Amino acid sequence: MMIRCLAAIGLTLASLLSTPAIAGGAILCCENAEGRRVCGDVLPQACYGRAYRRVASDGTVIERIAAPMSEAERIAAEREARLRELEEDRRRMQRLQDRALLDTYRSASDIDQREQRAIGEIERDLAKARAREEQLRQTQERLQEEAKLHPVGAVPADLTQAIRDNQSELAAQETVIDAKLKNIDAVRARYSRDRERFKTLTTTPASR
C-alpha cells in the first residue's frame, strides 16, 4: 500500500514539473482584448492568439512569446525573407564577378588594350563588309543599266533573277554591317563598365 502511495505521489510530481508554466513557479500573463492583464498557471483562454510572457514569482519576465502572425503578416514576412535571399544572391554573384574581373585584368591600361584589340577585330570585319557592300551596289547599278536597254516587260529572265539575287545579298550585307556597328557599341559599353568597376575595386579608401 505504501509503495502504491509513493508511486502515485511520484506521478503527480512528474506531471506538475513537466508543465513549463508550473516549473520554477512561473505564471503566464497577457493583456486581454480590453487591455487588462490576465495571468494563470496555464495559458488563460483570453491569451489565445495574443502575445504573452512567462513571469517568475518575483515579477521578473522570464520569456516573451510573440502572438501568432496573421495571414497578411505571414505573407509579408515570407516576402521580406525572399527579398533578403535575392539580395544575398545578388551580392554573392557580384563578389564572384568582381573576383573574375580582378583575375582577368592586370591594370586599367590592360583593359584599354583589350578593348582596342576587340574593336580592331570587329572594324577589320566591318571594312570587309563595307567593301563587299560597295561591290554589290556597283553590280546593282550595272544590272539596272543593262535592264534599261530592254523594252519594258522584255527584260530577260536571267537578268531579272540576277537583279533580285543581288538586291537580296545587298540587303543581307547591310544587316551584317548594322550588326557589326552595334557590336562595337556593345564592346565599348562592356569595357567601360569593366573599367569603372576595376577602378572602384582597386582604389583604396585613402585615395578616394
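**Close-up 1. Asp 110 and its salt bridge to Arg 106.** Asp 110 is buried, at 3% relative accessibility. This is a predicted model. Asp 110 forms a salt bridge with Arg 106. Their closest N and O atoms are 3.8 Å apart. Arg 106 counts as exposed, because its relative accessibility is 67% and the cut-off for exposed is over 50%. Elsewhere, salt bridges with shared partners tie Glu 71, Arg 74 and Glu 78 into one network. The structure holds 21 salt bridges.

**Close-up 2. Glu 87 and Arg 91 in helix 2.** A salt bridge joins Glu 87 to Arg 91, with 3.0 Å between the closest N and O atoms. The two residues sit four apart in helix 2, so about one helical turn separates them. Glu 87 is partly exposed, with a relative accessible area of 29%. Arg 91 is also partly exposed, at 45%.

**Close-up 3. The aromatic pair of Tyr 105 and Tyr 191.** One aromatic pair is found in a search of the whole structure. Tyr 105 and Tyr 191 form this pair, and its geometry is tilted. The ring centres lie 6.5 Å apart, with 55° between the planes. The pair links distant parts of the chain, 86 residues apart. Tyr 105 lies in the loop between helix 2 (71-104) and helix 3 (108-148). Tyr 191 belongs to helix 4 (residues 157-202). Both tyrosines are buried. The charged end of Arg 190 sits over the ring of Tyr 191, 4.5 Å from its centre.

**Close-up 4. Arg 53 in strand 3.** Arg 53 is part of strand 3 (residues 52-55). Its relative accessible area is 14%, so Arg 53 is buried. Beyond its neighbours within four places in sequence, Arg 53 is in contact with several residues, including Ile 27, Leu 28, Cys 29, Cys 30 and Arg 37. Val 61, Glu 63, Arg 64 and Ile 65 are also among its contacts.

Close-up 5. Val 61 is in strand 4 (residues 61-65). Val 61 is partly exposed, at 32% relative accessibility. Outside the four places on either side in sequence, Val 61 is in contact with Arg 53, Arg 54 and Val 55. Val 61 and Leu 28 are 33 residues apart in sequence, yet their C-alpha atoms are 9.7 Å apart in space. Glu 63 forms a salt bridge with Arg 54, the closest N and O atoms being 3.6 Å apart. Glu 63 is partly exposed, at 38%. Arg 54 is buried, at 17%.

Methods:
Residues are numbered from 1 along each chain as its sequence is written. This is a predicted model: local features need pLDDT of at least 70, side-chain atom pairs count only at pLDDT 80 or more; totals for chains, interfaces and linings use all residues. Side-chain values use heavy atoms; hydrogens and water are left out. Buried means under 20% relative accessible area, exposed over 50%, partly exposed in between (1.4 Å probe, protein chains only). Contact means heavy atoms within 4.5 Å. Rings of Phe, Tyr and Trp (its six-membered ring) pair if their centres lie within 6.5 Å; planes under 30 degrees apart count as stacked, over 60 as edge-to-face and the rest as tilted. A charge sits over a ring if NZ of Lys or CZ of Arg is within 6 Å of the ring centre and within 35 degrees of the ring normal. A salt bridge is a side-chain nitrogen of Lys or Arg within 4 Å of a carboxyl oxygen of Asp or Glu.
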